[in-house]
Amino acid sequence: MAPARRSSTSILFMAAALTLAGCSSVDQAAVTTGDPIDSSTLKILNENSRQIAAALGLENPPDVQPVRLVKPNEWAAAQIDCLNAAGYDASYTSDLEGVSYPSFSESAMAESLNFAIYTCESQYPVSPKYNLPLSSDQLAFLYQYRATELTECLSRAGYSPDIGAPSEAVFIETDGAWDPYGSTTIAQEDLRLVREKCPVNPDYDELYAQ
């Protein structure tokens, strides 16, 4: 089992939408979110769970109903809380964007942890709307945020990136690859507080409303 995982959105920030596949029944009343759960959304959630189970080596896992759809920046915290409640010592990765898991040498314990990971990821998935690739307008909005508000926030906190912002055109052409944190040195013990004060991305609802 891999020692750490990230949501598909946090890996590339804007992942391609998952391929739709056949769906199994999900109780919509169990989903506590404002997002509509239509048939297309259910297909995406079920296919995502199937891929997670396959990646973890689980055969014929049970269907797990979603409890709440989360934003990309909420995913790691939701997974950690869920796994901690199940008795596993999960924690943030060093960049605070992923989840680090305990290691077990005993196969039965490792399989039990994998089942818990599958369950938690199925219960608290990122809303599929955030997995859609960003449009040019959305990338332009993201650029303005990172090049101005985020960079200024880091400056007020006493940090500045070694590599400045590219042009907006280059940023859009590279699908928003530039991130001021990528060339900013921040002590590990300070990183969480800085990221909380200066999030790498703007509010997702504002971003996807562009």
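This is a tour of a predicted model, stop by stop, with what to select and what is found there.

Residues are numbered from 1 along each chain as its sequence is written. Because the model is predicted, local features need pLDDT of at least 70 and side-chain atom pairs count only at pLDDT 80 or more, while totals for chains, interfaces and linings use all residues; side-chain values use heavy atoms, with hydrogens and water left out.

**Whole chain**

Start with a cartoon view of the protein, which has 8 helices and 3 strands. Helices (H or I, at least four residues) and strands (E, at least two) are DSSP runs, numbered from the N terminus. In sequence order the elements read β-α-α-α-β-β-α-α-α-α-α.

Switch to a surface. The protein exposes about 10900 Å², and 49% of that comes from carbon and sulfur atoms; the areas are Shrake-Rupley values with a 1.4 Å probe, and for residues only the protein chains shown count as cover. Of the 210 residues, 43% count as buried. Buried means under 20% relative accessible area, exposed means over 50%, and partly exposed lies in between (1.4 Å probe, protein chains only).

Contacts are heavy atoms within 4.5 Å. Among those between residues at least 6 apart in sequence, 74% join residues at least 24 apart.

**Disulfides**

How many disulfides are there to find? The count is 2 disulfides, each being a pair of cysteine sulfur atoms within 2.5 Å. With the bonded cysteines numbered in sequence order, the pairing is 1-2, 3-4.

Select Cys-82 and Cys-120, whose sulfur atoms are 2.1 Å apart in a disulfide. The torsion about this S-S bond is about -80°, so the disulfide of Cys-82 and Cys-120 is left-handed. Cys-82 is in helix 3 (residues 72-85) and Cys-120 in helix 4 (residues 107-123), so the pair ties together parts that are 38 residues apart in sequence. Both Cys-82 and Cys-120 are buried.

Next select Cys-153 and Cys-198, joined by a disulfide with an S to S distance of 2.0 Å. Here the S-S torsion is about -75°, so the disulfide of Cys-153 and Cys-198 is left-handed. Cys-153 belongs to helix 5 (residues 136-156), and Cys-198 to the loop between helix 7 (188-197) and helix 8 (204-208), so that distant parts of the chain, 45 residues apart, are linked. Cys-153 counts as buried because its relative accessibility is 12%. Cys-198 is buried too, with a relative accessible area of 1%.

**Salt bridges**

Show the charged side chains. The structure holds 7 salt bridges, a salt bridge being a side-chain nitrogen of Lys or Arg within 4 Å of a carboxyl oxygen of Asp or Glu.

Select Asp-205 and Lys-71: they form a salt bridge, with the closest N and O atoms 3.2 Å apart. Asp-205 lies in helix 8, and Lys-71 in the loop between helix 2 (39-55) and helix 3, so the pair ties together parts that are 134 residues apart in sequence. Asp-205 counts as partly exposed, at 35% relative accessibility.

Move to Glu-97 and Arg-195, whose side chains meet in a salt bridge (3.1 Å, N to O). This pair also links distant parts of the chain: Glu-97 is in the loop between strand 2 (91-92) and strand 3 (99-100), and Arg-195 is in helix 7, 98 residues apart.

Arg-192 is partly exposed, with a relative accessible area of 42%, and Glu-196 is exposed at 53%.

**Positive phi**

Two loop residues remain. Select Asn-60, in the loop between helix 2 and helix 3. Its phi is near 50°, a positive value in a residue other than glycine. Asn-60 is exposed, with a relative accessible area of 78%.

Finish at Asp-175, in the loop between helix 6 (168-173) and helix 7. Asp-175 is not a glycine, yet has a positive phi of about 55°. With a relative accessible area of 48%, Asp-175 is partly exposed.
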